[in-house]
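Okay, thanks for coming, everyone.

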Amino acid sequence: MTAAFAEGSYPQLSADFERWRKRSRLIRRLRVILPAVIGLILLSMVGFVIQSTLAGSKDKPQDADAPIQLVNPRFLGRDDKGRAFVLTAKVAVRDPKDYQRVMLDTPMLILDEEGPRPTRISAKAGVYREDKRVLNLEGGVKLNGGDVNFSTATSIFNTATGELEGAGEIQGAGALGEIIAKSYGVYDKGERMVFKGGVHTRVESH
């Protein structure tokens, strides 16, 4: 009885041993595969974080200190006497080192825009000081309005008083004819112009 039991147990032991050996091989494989899978997951996570960081950096402004820029700005204002004026430009850039200073590309100033005889002053460049309420125009300054057409080098417009003045030769034509002078002033919304310094005129007779 005992001998028969011993002989019959060998196939069972052989099967158990085979299952144990397969389980061992599986465990050994899992010990290799699982760390590799975990490593791949970690590498994928790191790659995703790096890619997200780079993509986010591209979306950020190149320079956080870049000056504030406006394209085709239009400023509306009134002087101390309530007279309206309009200032436009192709581009306006605020000076990052002086917040009160605004640089203008191809500015145009319109005095009394809604009036019967608006005066337009255009230039290649300009600088507006918000603290002093003064606009400086320079480079090919042209003044047109009503029956006057003048060109000069620079012009200064005081947005508080509504007065426009310039130091530098001015020449052009008005109601009386051609005029050349060294300085000028425009007052009363362009209704009155005053020329000073070496004034030369050539009156046109009709």
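Before I give you a number, one definition: when I say contact, I mean heavy atoms within 4.5 Å. With that in hand, take the contacts in the chain between residues at least 6 apart in sequence: 32% of them join residues at least 24 apart. And please keep in mind that this is a predicted model.

So what does the secondary structure of the chain come to? We have 1 helix and 14 strands. The chain has 206 residues, and buried ones make up 28% of them. As for the surface, the chain exposes about 14400 Å², with carbon and sulfur atoms supplying 59% of that.

Now the inside. In soluble globular proteins, nonpolar side chains tend to be buried together. Here, the largest nonpolar core has 25 residues, and Leu 109, Ile 121, Leu 135 and Leu 143 are the ones with the most contacts inside it. Which elements give two or more residues to this core? They're strands S3 (84-88), S5 (101-105), S6 (108-111), S9 (134-145), S10 (148-158), S11 (163-174) and S12 (177-187).

Let's zoom in on Ile 121. If you leave aside its neighbours within four places in sequence, Ile 121 touches Pro 107, Met 108, Leu 109 and Leu 111, then Leu 137, Val 141, Lys 142 and Leu 143, plus Leu 164.

Next, some backbone. Most residues other than glycine have a negative phi. Asn 72 isn't a glycine, yet its phi is positive, about 50 degrees. You'll find Asn 72 in the loop between strand S1 (69-71) and strand S2 (74-78). Is Asn 72 buried or exposed? Exposed, with a relative accessible area of 58%.

Thr 106 has a positive phi too, about 50 degrees, and again this is no glycine. Look for Thr 106 in the loop between S5 and S6. Thr 106 is partly exposed, at a relative accessible area of 33%.

Last stop, a real glycine: Gly 162, in the loop between S10 and S11. The cut-off for buried is under 20% relative accessible area, so Gly 162, at 10%, counts as buried. What is Gly 162 in contact with, neighbours within four places in sequence aside? That would be Asp 79, Arg 83 and Phe 157. And how far is the C-alpha atom of Gly 162 from that of Asp 188? They're separated by 7.8 Å, though the two residues are 26 apart along the chain.

That's my tour, thanks.

Conventions. Residues are numbered from 1 along each chain as its sequence is written. This is a predicted model: local features need pLDDT of at least 70, side-chain atom pairs count only at pLDDT 80 or more; totals for chains, interfaces and linings use all residues. Side-chain values use heavy atoms; hydrogens and water are left out. Helices (H or I, at least four residues) and strands (E, at least two) are DSSP runs, numbered from the N terminus. Buried means under 20% relative accessible area, exposed over 50%, partly exposed in between (1.4 Å probe, protein chains only). Accessible areas come from the Shrake-Rupley method with a 1.4 Å probe; for residues, only the protein chains shown count as cover. A nonpolar core is a set of buried Ala, Val, Leu, Ile, Met, Phe, Trp, Tyr and Cys residues joined through side-chain atoms within 4.5 Å.
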